[in-house]
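Please look over the structure below. The briefing that follows covers aromatic rings, a sheet and the placing of some side chains.

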Amino acid sequence: MEIRREQRNQDLSWFIDMYEAEKLQLDPPYQRKSVWGPKDRKFFLDTIFSNYPCPAIYLQKEITETSVIYNVVDGKQRLQTIFLFYQNKVALPDTLSDPKLVGKKWKDIESDPTYRYKFFNYSFSVEQLQCEEDVQWDEVFNRVNTNQKTLKDQELRHARFNGWLIKRAEAEAGSKFWVDLKVSTRGRSKRMRDTEFISILMLVMLEKDFVGFPQSNLNELYVKYDFDVNELPSDEYDAEKDQDNEQEELQTVTQEDIDLFEENFKQVKEYIQEVIDYDPELMNYISKKPLTHIYSLWALVSFNLEKSKDTKNLSKMFCSLLKKGDQFSTADFEIEELPKDNSTQAAYKYHQYTTGAATEKGPRQKRHEALIEYLGWAE
């Protein structure tokens, strides 16, 4: 199997022509979901009208019995931004040096020859890929994205996002609370893995749901919370009142939501601190897999904050659960061989979902269900 690569330049008008002729496929099966928000799109439009370079577009040329289709391997968000602007669904940013372009949509400038020329003639470097044999194009897609990624995912988010969520998580990562819980360590801080984890715990509270990997899911939520908190509507009424029908997206988060989050966030931290402080032995077990067990404890408390469970009892029970996990790690048996009491069965289920793909949403939810069962908190 040999993939043929052909490098060429294509101007922006060619992509619009292919898209309108339905010869450009933005969503082949291997393509990830779009996670660009308004700020990302405006930034890229600034790139075009300022004539800055951008990374290459990768296309898979597919010759069918009736036509030629170009599948987008890499560059979907950039091309989608162009088409949204061309369809008057996105406006130019307020940061452009040319005052005639500030806040404009395509319909406002398309009659001006200078801007038409600048837009349609913007040039892309294109890598066209083709193979006569069957190819696992999803592997090609992954290879392109892996080779381009020299930074860790959270480091890329640090460069890309500048809104409330990432600023709040980065500020939080330096606190003693997370250091004591073994979440913030020198190694994790160096590649911003502690910030990433803390932001996930924040999103668990904000979304009222289990948040897990893959990274693309996390990126989508970062887009949702990439706002200036000072520009939020005060409540849902103001959000609806201020909504512009021509706006691309409705800001569904309000200042009221953020205030409630901050109040609950503080309470959960205080509650967990009490749980940890009651039994010093507990931290010894947590520290063996701190991100796994802290996530479980955080979700448990976050989703049950109003029930005001006894912190001393929770400390004892969680410690006994993790002790049993140590026993399961050293023993060789099947679940059918375990005692049939609910607590042992639940502890074993919890332990099962601390290994393998433990950071994905499904295993995190299964751990939570097992923990609820072990504690006897089920309704």
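Trp14 and Phe15 are both buried (under 20% relative accessible area, with a 1.4 Å probe and protein chains only). The model is predicted: local features need pLDDT of at least 70, side-chain atom pairs count only at pLDDT 80 or more, and totals for chains, interfaces and linings use all residues. Residues are numbered from 1 along each chain as its sequence is written, and side-chain values use heavy atoms, leaving out hydrogens and water.

**Aromatic rings**
- The whole structure holds 26 aromatic pairs (rings of Phe, Tyr and Trp, the last by its six-membered ring, with centres within 6.5 Å; planes under 30 degrees apart are stacked, over 60 edge-to-face, the rest tilted).
- Trp14 and Phe15 form an edge-to-face pair, at 5.0 Å centre to centre and 85 degrees between the planes.
- Trp164 and Tyr225 are a tilted pair, because their centres are 6.4 Å apart and their planes are at 50 degrees.
- Trp164 lies in helix H8 and Tyr225 in the loop between helices H12 and H13, 61 residues apart (helices, H or I, of at least four residues and strands, E, of at least two are DSSP runs, numbered from the N terminus).
- Trp164 and Tyr225 are both buried, and they belong to one aromatic cluster that includes Phe177 and Trp298.

**Sheet**
- Five strands form an open sheet in the order E1-E5-E3-E4-E2, with mixed pairing (two strands pair if DSSP finds at least two bridges between them).
- The edge strands, E1 and E2, each pair on one side only.
- Strands E3 and E4 run antiparallel and are joined by six bridges.

Methods: Buried < 20%, exposed > 50% of the residue type's maximum accessible area, 1.4 Å probe, protein only.
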